[in-house]
Amino acid sequence: MIENPQVIHCPVGMRWGDMDAYGHVNNVEILRILEEARIHAFGPPGGTGGPGREPVVALFNNVPAGTQALVAEHRVKYLSPLTYRNIPADIAVWISALKAASLTIAYVIRDPVTSVACAKAETTLAFVDGGTGRLMRIAPEQKELILPYLGASVFP
């Protein structure tokens with residue numbers, strides 16, 4: 001683990017419909033925001049979506065055909081309500097754990113105006129062969145891409 005990892009800052013837009021009856025972004029929509037930040041940072045899983053802007057770290061673009069990056073676990077701690085704004089929220093993203101066949105992505109969602117941390121979260125992804133359902137090891141090339149972004153967990 002790197003003591004001061006590189007952090008990817010992802011601007012993710014909030015939608016008016018993301019608000020709940022209490023006037024802040026709903027907890028379910030927070031997971032959508034995390035997904036958008038993950039795709040912004042690391043790219044869409046290979047073979048999905050159309051061509052577009054390259055991600056900051058092309059982690060998912062370079063997996064073998066048929067590889068699926070499946071969510072194994074989400075953990076979210078809500079710290080402060082995220083108020084809807086017509087500007088994107090700032091999500092800091094890095095890798096907090098790297099294992100043989102999985103990795104954990106850490107996030108901090110900040111209000112784009114006040115910079116208050118509204119949520120911290122982690123998502124563990126496992127790489128799976130879509131045809132067999134078996135776990136796949138993370139390739140050395142992928143590990144090489146990840147290493148500069150490997151830092152501490154948001155849940156010490």
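The radius of gyration is taken over C-alpha atoms, and the globule rule is 2.2 Å times the number of residues to the power 0.38. For 156 residues a compact globule would have a radius of gyration near 15 Å, and the protein, at 16 Å, agrees with this. The model is a predicted one. Its secondary structure consists of two helices and five strands, in the sequence order β-α-β-β-β-β-α.

**Overall shape and surface**

- Along the principal axes, the C-alpha atoms of the protein fill a box of roughly 45 × 35 × 25 Å.
- Of the 156 residues in the protein, 38% are buried.
- The accessible surface comes to about 8500 Å², and carbon and sulfur atoms account for 53% of that surface.
- There are 13 positive and 14 negative side chains, and the centres of these two sets are 5 Å apart.
- When contacts in the protein between residues at least 6 apart in sequence are considered, 66% of them join residues at least 24 apart.

**Nonpolar cores**

- In soluble globular proteins, nonpolar side chains tend to be buried together.
- The largest nonpolar core has 33 residues, and the members that touch the most other members are Phe42, Ile91, Val93, Leu103 and Ile109.
- At least two residues of this core come from each of strand 1 (8-12), helix 1 (27-42), strand 3 (89-98), strand 4 (102-110) and strand 5 (117-129).
- Helix 1 contributes the most to this core, with six residues.
- A second, separate core has six residues, among them Ala92, Trp94, Val108 and Val154.
- Beyond its neighbours within four places in sequence, Val93 is in contact with Gln6, Val7, Ile8, Cys10, Ala37, Ala41, Phe42, Ile105, Ala106 and Tyr107.

**Buried residues in strands**

- Thr67 is located in strand 2, which covers residues 67-78.
- The relative accessible area of Thr67 is 11%, so Thr67 is buried, the cut-off being under 20%.
- Setting aside residues up to four places away in sequence, Thr67 touches Phe127, Val128 and Met136.
- Ser102 belongs to strand 4.
- With a relative accessible area of 16%, Ser102 is also under the 20% limit and therefore counts as buried.
- The contacts of Ser102, leaving aside neighbours within four places in sequence, are Thr124, Leu125, Ala126 and Ile138.

**A buried loop residue: Leu59**

- Leu59 sits in the loop between helix 1 and strand 2.
- Leu59 is buried because its relative accessible area is 0%.

- His24 is in the loop between strand 1 and helix 1.
- The relative accessibility of His24 is 23%, so His24 falls in the partly exposed class, between 20% and 50%.
- Leaving out neighbours within four places in sequence, His24 is in contact with Asp18, Met19, Pro81 and Leu82.
- From His24 to Ser80 the C-alpha distance is 9.7 Å, across 56 residues of sequence.
- Pro88 is placed in the loop between strand 2 and strand 3.
- Pro88 counts as partly exposed because its relative accessibility is 39%.
- Not counting residues up to four places away in sequence, Pro88 touches Pro11, Val12, Gly13 and Pro112.
- The C-alpha atoms of Pro88 and Ala121 are 18 Å apart, and the two residues are 33 residues apart along the chain.

**Backbone at Ser115**

- Most residues other than glycine have a negative phi.
- Ser115 is not a glycine, yet has a positive phi of about 65 degrees.
- Ser115 lies in the loop between strand 4 and strand 5.
- Ser115 has a relative accessibility of 46% and so counts as partly exposed.

Definitions and conventions
Residues are numbered from 1 along each chain as its sequence is written. This is a predicted model: local features need pLDDT of at least 70, side-chain atom pairs count only at pLDDT 80 or more; totals for chains, interfaces and linings use all residues. Side-chain values use heavy atoms; hydrogens and water are left out. Helices (H or I, at least four residues) and strands (E, at least two) are DSSP runs, numbered from the N terminus. Buried means under 20% relative accessible area, exposed over 50%, partly exposed in between (1.4 Å probe, protein chains only). Contact means heavy atoms within 4.5 Å. Accessible areas come from the Shrake-Rupley method with a 1.4 Å probe; for residues, only the protein chains shown count as cover. Lys and Arg count as positive and Asp and Glu as negative; His and the chain ends are not counted. The place of a charge is taken as NZ of Lys, CZ of Arg, CG of Asp or CD of Glu. A nonpolar core is a set of buried Ala, Val, Leu, Ile, Met, Phe, Trp, Tyr and Cys residues joined through side-chain atoms within 4.5 Å.
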